[in-house]
Amino acid sequence: MRPTRRCLTLASLAALLAVAAVLFDRAALLAGTAGLSAYLLATQYAFAQASAAADGALEFAVAVSPRRTTVGQEAEVTVTVESSTPSPVEVTVTPQAPVATTVPASELSPARLDLDDRQARVSYPVGFPVAGTYELPPLSVTMTDAAGLFSTTVERGPQTDVVVDPRMPSHVHVGRGGEAFASVYGEYEGAHGGSSVEPDRPRTYRPGDPAKRIDWKMTARRDEPFVWEFESDTERQTALVVDHGASMGAGPPGETKLDFAREVGLALSNAAAARAETVGLYTVDDEGLTRREPTSSANPAHRKRSDVLRNLAVSTAGGNGESSPPGRRSGTAGIDGRKQTRTRSGGPLRGSAADAFDGRLRAFLDSPKRPPSGQVTSPLLAAVGAARRDAGSALETLVITDDSDREGIRRAVEAASRDRGQVFVFLTPGALFERSSLASIEAAYERYLDFERFRRGLDALPGVSAYEVGPGDRVDEILGHRRRQ
Amino acid sequence: MSGGRDGPSTRHGDGWLAGGFLRVPGNDRTEMGLLDSRPSLPRDRSSFAAGAATLVVAASLTVISGRDGIAVGLVLLVLWYLTGPVSVYVVAHLLLALVFPSGVDPVTLSILETELLGVLVLPIGWQRDAVRRVGATLLLSLAFAGVLWVGHRGFRSTWAAGTLLVLTCLGVGYVVYRYSRVSLGQIHDEGAST
């Protein structure tokens, strides 16, 4: 309980009368002090009882819609205050924004329950810029007496949590024909089988090293953690080709084809790094190669590769971001990758600073190698060609793309599997990313079947394994609907 | 809600009093300088009750001290009209010191104090918790009067009596404050959990 300014003013006047009584030696003035003080204290006592009664009669409800959301989305918080009896005091309920949320100040208005009112309600939007579980703070309930002399603030209200998921796929399905892949999708079946690494030499632990590489016995013998460096016992090299063309933007926010492709790419990259394999990264959009990271097994290269994958965004070059029919993305990028020489290894290919020099040379570089008129090649094919040239023999190629350019995929896969090359294709079928009504599930199923035929066709190629990647709930929805029928 | 406030407003909102110390804008009770919170015009019954009590005080002063009493009574009535009962109560006590320069006898003081207390508590009669507030005000007034009497008789000193009264008021205020915190659950009784 705290006095208002008005209360303090009256108390000051009472004190003034007391001072005047002492100064002028008039005891009668003290009677004024006594009367005014009695009035204030009686009001204070009445308010103490009224606020306790009001507090007992108040009920609070906090509703959040939705209770589970994703980063960047807003949730609507509705605070309802109800009093089982007419409120004997004025009640102001002020919602408090959780830490690290965004609430427009203009929207965060309090709910007021005037005298004799029984219900008040207020709603406000809350934005969540960071993923996690947010606990809405208790409501700040301020009660003020009718005379405006005293007020008190208490914290009331139920505990309400909001779960905010990151903008990333929550249920990544990797498998074949609707059946999820048996192993963790980062641990794809290596072409050579068995362990591909041999311990080389120990060194001190550095941040970023996998914890499972720590040699605990050696660490126990010395004062600092030690890890083993591995040396690949094979000549095997891995090329990770990731498509981020316009059609990869299909799907709801946070669950686009590219989001799933990114998850798979990171998992594959991590698994390869754990096996100390040399991995190169090639990203393509609708016009060609956009990034070309050299093959390397070093930790910095792995971290850089992971960063590139995490920051990979849908490219709008040459497309409108919507799914397109097969064959749309066929371009003029040569299989020899000469067109991609406009960018240098290890950096973004388009828009580099040396474009002037690059532009002058391109005419000379492109012209002799340009495919014959009418022959179109896909960016994937160009990426595979560049990877094969970079890596040499014993190349494993991991291709992550969608099924919008099936002819381009088939040709790229065939090119990658030449000379006993191993190819793993991870496809995001368009049928799994079309959020449609129940009536069109049948049509989605038909498209999924069509994709499955395509996938099996790829899978049947020598040295090729083809998988589907998409939201698991959508796979269950499409296949479950069919099974029920 | 407006009818429930023991407080004032004035229809002279554009005059100098409007921004003055004693001015009370209708419902704005928290501004500095707020003494009374009379409801907005037209005046209601609680306001007229305070006016009637002020009239009684003015009449008593007239009877007791003649022309000086008339002047003081008029001042008090104007104050009631312009501001409110609390202003009347405070200014009345200051003016009593002028009207009775050689002191006032206990009987007259008791009569006037009772009437002035009526100026304070009568407006409460039409409010929520009227019985509790009026009863508590009267009870505390009697108690404080007793403290004053004891202090004045015991110490033979106005300042000692005043100090005793102020300390008593602060003590009572603190007790009510603690009672409020306990009743709202802001202080837990440690003994109750065992």
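The structure is a predicted model, in which local features need pLDDT of at least 70 and side-chain atom pairs count only at pLDDT 80 or more, while totals for chains, interfaces and linings use all residues. Side-chain values use heavy atoms, without hydrogens and water.

Chain A contains 10 helices and 21 strands, taken as DSSP runs (helices H or I, at least four residues; strands E, at least two) numbered from the N terminus. Of its 485 residues, 52% are buried, that is, under 20% relative accessible area with a 1.4 Å probe, counting protein chains only. Among the contacts in chain A (heavy atoms within 4.5 Å) with a separation of 6 or more, 76% join residues 24 or more positions apart.

Helix α7 (residues 379–391) and helix α8 (residues 406–416) of chain A have axes that come within 8 Å and cross at roughly 15 degrees, the axes being lines fitted to C-alpha atoms over the stretch in contact and the angles running from 0 to 180 degrees between N-to-C directions. The two helices, α7(A) and α8(A), are therefore roughly parallel to each other, a term for angles under 35 degrees. On the α7(A) side, A:L380, A:L381, A:V384 and A:R388 meet A:I409, A:R411, A:A412, A:A415 and A:A416 of α8(A).

A:T33 lies in helix α2 (residues 27–57) of chain A. This residue, A:T33, is buried, with a relative accessible area of 2%. Beyond neighbours within four places in sequence, A:T33 is in contact with A:A14, A:L17, A:A18 and B:L165.

Conventions:
Residues numbered from 1 in each chain as written. Chains lettered and ligands numbered in written order. Buried < 20%, exposed > 50% of the residue type's maximum accessible area, 1.4 Å probe, protein only. Parallel < 35°, antiparallel > 145°, perpendicular 65-115°, else oblique.
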